[in-house]
Amino acid sequence: MDLGLINGYAAVALLMTGLYIVLAYDNPIKRLIGLSIFQAAIFVLYISMGRIAGGTAPILAEGIERYSHPLPHVLILTAIVVGVAMLALGLALIVRIHEEYGSIDEQHILELEREPDA
Amino acid sequence: MSEHALLAIDAVLLIILLTTAIAIARQRNLFAAAMMTGLFSLTLACLFVLLDAMDVAFTEAAVGAGISTVLMLSALALTEYRDHPTSRGQHTLALLLCFAVGGLLMFAASEWPALGAPDTPVHQHPITAHYLEQSQQEIDLPNVVTSVLSSYRGYDTLGEVTVVFTAGLAVLILLLGVRRDNHEEDDA
Amino acid sequence: MTPKSNSAVLRVVTKQIIPMILLFGLYVQFHGEYGPGGGFQAGVIFAAGFVLYALVFGLDNASRAMPARALFKLAPLGVLLFAGVGVYSLLRGYAFLDYTAIDPHDPVHAQHLGILIIELGVGLTVFSVLLLIFYAFAGRRRADSLTHKDMG
């Protein structure tokens, strides 16, 4: 196996872990954590694609000819900041759900919804 | 740094990342899980430094290890930090699904270009040369990431800033606005 | 939010570190054209500095140092600054966000100025939105212990 491929495989493994957390647990905060891991997998993939062997960070200087690609960096940079804003939004919704139902467990809330006079 | 040494450090960091992710998945105490996401983000920032993405590493360190951990902890303090166990069937189904998706992607990943290969579409595309060479005449800033972020892709960045602003607005409406209404009801 | 921390070590070290964090944030903001950095990073670092202050010295002290009222004005100001540059270049007869409009005789200088302004806008918005979100979470009490005191 080519060692240079490990970043791709690791990104897929991280993505699987994130997906598993989202699917297997009912606690929405845990699901948000899973989503951030899923997101991190995408970040690893993008940043790995931008790298070039023998290159350096895309800050131009004398005597350096190879730079990693700046575009994936820009995309991921903004994605991280938007990601934390979305995480905050999700957490705010969860806090409101907890105030409304006294629980954030999906099954529990569904049971409460089924009882007409709960 | 030689390419071999880099790959070795890269592999170690990836193993730490994966181990942390799996530990988070198995952790039932969500306070511990939130702290581990901080560790996860810090390792991710180290990986970005290694892969020559300084700007991204900066942001990830401040956002992931700092702010999002704090936000998660304060949300946990307001809700519950015990994760209720879910049924075995759900775990099996989740495992099956994620191995199906992961298997397909692993198959695809074996065809992806190796780390640092110079002959990939990313590096061969004419826009790469434009950003790295033409930007010296057009913008004349050493940090190409800044040039691309604020000038070539200014529209994009304006959109991102608007998204951040709107998300902040939504959080404030959810957490501050509704609560005042409750108080009016309480007072009435 | 938890009351003030009692640990002397924590309080002394925090007091030493916070000016450095804020200074570093300013450096990242205004040196972002030459080294790693820019508005997004600076905003986040600046917000992290105030979050640290609030964690150690309590939310009341933090909102006295950086009142939520000011943040409510800074957040839209940043977006307006960014969009304003775009509208300005439209009015001058150039494409939206074409910085040449700022100084048509010296396009490279115009680019520098335009990037400086919009990075400032990005930094302001990211900083104030993140800090406001933190205030909103930290200032809230648990649902089962709701009292009539609001964070206003």
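1. Residues 12–30 of chain C are 100% helix and 0% strand in this predicted model. UniProt, in an unreviewed entry, lists 12–30 of chain C as a "transmembrane region". The entry gives that name to residues 42–59, 71–91 and 111–138 of chain C as well.

2. Residues 111–138 of chain C also come from that UniProt list. The span is 100% helix and 0% strand. Its end C-alpha atoms lie 40 Å apart.

3. Chain C as a whole has five helices and zero strands. Read from the N terminus, its elements run α-α-α-α-α. The chain holds 152 residues, and 47% of them are buried. Take the contacts in chain C with a separation of 6 or more: 61% of them join residues 24 or more positions apart.

4. Now the interface of chains A and B. On the chain A side, 78 residues are in contact with chain B; on the chain B side, 92 residues take part. The two chains bury about 7,600 Å² between them. Carbon and sulfur atoms account for 77% of that area.

5. One of the pairs in a salt bridge is A:Arg51 with B:Glu3, whose side chains meet at 3.1 Å, N to O.

6. Which elements give two or more residues to the side of chain A that touches chain B? They are helix 1 (6–24), helix 2 (28–50) and helix 3 (70–101) of chain A. Helix 3 of chain A supplies the largest share, 24 residues. By class, this side of chain A has 53 nonpolar, 17 polar and eight charged residues.

7. One residue of chain B deserves a separate look. B:Thr20 lies in helix 1 of chain B, residues 3–26. Is B:Thr20 buried or exposed? B:Thr20 counts as buried because its relative accessible area is 6%, and the cut-off for buried is under 20%.

8. The surroundings of B:Thr20 can be named. Neighbours within four places in sequence aside, B:Thr20 is in contact with B:Met36, B:Leu39 and B:Phe40. B:His123 is 103 residues from B:Thr20 along the chain. The C-alpha atoms of B:Thr20 and B:His123 are separated by 32 Å.

Notes. Residues numbered from 1 in each chain as written. Chains lettered and ligands numbered in written order. Predicted model: local features only at pLDDT ≥ 70, side-chain atom pairs only at ≥ 80, totals over all residues. Heavy atoms only, no water. Contact = heavy atoms within 4.5 Å. Buried area = accessible area lost by both parts, 1.4 Å probe. Salt bridge = Lys/Arg side-chain N within 4 Å of Asp/Glu carboxyl O. Helix = DSSP H or I, 4+ residues; strand = E, 2+ residues; numbered from the N terminus. Nonpolar A, V, L, I, M, F, W, Y, C, P; charged D, E, K, R; others polar. UniProt positions renumbered as here; feature names shortened; annotations may be inferred. Buried < 20%, exposed > 50% of the residue type's maximum accessible area, 1.4 Å probe, protein only.
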